[in-house]
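Here is a short report for a first look at this structure.

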Amino acid sequence: MNESDTRLKKIDPALHAAGWGIVEGSDIFTEQRAYIVSPGRIVTKAKRNPDKIDYLLTYKGVKIGIIEAKKDELDVSAGVEQAKKYAKAMNIRWTYSTNGDKIWAIDMQAKPGDFTEGFVDRFPTPQELWAMTFPDKNDWRDKFNLEPFNRDGGKMPRYYQENAVNAVLDAISRKVDRILLTLATGTGKTYIAFQICWKLMQTHWNIAENGGFPKSFF
């Protein structure tokens, strides 16, 4: 089968069987919507057309998994490098390559001695992938993730802006005292700072943790 048929007849049913798009709070975005959800286009100097993520998995408002699909006539290894490239750019821990018959899983944040990558029998459920990504309990991190970005004016964060905001909020949720973001000119530092403040205030972190917004936070 070609890639479209492989996705329709093999990959889509496997994802639904694991609960993706069915379990409350989970969703699947295919290539037509992947970079609308996170519009930071992954573009090289030699290529001006944006690369497309075949499947972007979200749960509890978090982009949590990537799947690179290939037709079943190809070996599953054909999509591994793309799966890793997209996961690295999007700062997503778990990424997969599949030809519909076999699934190759990759942990982008694996520590020495842990599972790094290899074949798995099935896709994880949304709850399983959440636990694999966030093995530690952290209530503030979950609250920050569930709070949507401010979309007033129709502007949506690019993938590197979203990565920056999430990294800062993750550090705050772990009570890190000093946080430094270094970004190039034109990458939207003011926008990033606003989104961080927005999420902190919408989740009432400023009141719960400090009795009010700390004047010296920024």
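## Terms and model

Helices are DSSP runs of H or I with at least four residues, numbered from the N terminus. The model is predicted.

## The whole chain

The protein chain holds eight helices and six strands. Along the sequence, their order is α-β-α-β-β-α-β-β-β-α-α-α-α-α.

The protein chain has 218 residues, and 44% of them count as buried. Its accessible surface is about 12200 Å². Carbon and sulfur atoms account for 52% of that surface. Take the contacts between residues at least 6 apart in sequence: 61% of them join residues at least 24 apart.

## Helix α6

Helix α6 covers residues 159–173, 15 residues in total. From first C-alpha to last, α6 reaches 21 Å, close to the 21 Å expected at 1.5 Å a residue. Lys175 follows α6, and its phi is positive, near 60 degrees.

α6 is mostly covered, with eleven of its 15 residues buried. Among them are Tyr159, Gln161, Val165, Val168 and Ile172.

## Leu169

Leu169 sits in helix α6. Is Leu169 buried or exposed? Buried means under 20% relative accessible area. Leu169 has 3% relative accessibility, so it counts as buried.

What does Leu169 touch, leaving aside residues up to four places away in sequence? Its contacts are Phe144, Ile196, Lys199 and Leu200. Lys199 is 30 residues from Leu169 along the chain, and their C-alpha atoms are 8.5 Å apart.

Note on methods:
Residues numbered from 1 in each chain as written. Predicted model: local features only at pLDDT ≥ 70, side-chain atom pairs only at ≥ 80, totals over all residues. Heavy atoms only, no water. Helix = DSSP H or I, 4+ residues; strand = E, 2+ residues; numbered from the N terminus. Expected span 1.5 Å × (residues − 1). Buried < 20%, exposed > 50% of the residue type's maximum accessible area, 1.4 Å probe, protein only. Contact = heavy atoms within 4.5 Å. Areas by Shrake-Rupley, 256 points an atom, 1.4 Å probe, with all protein chains shown as cover.
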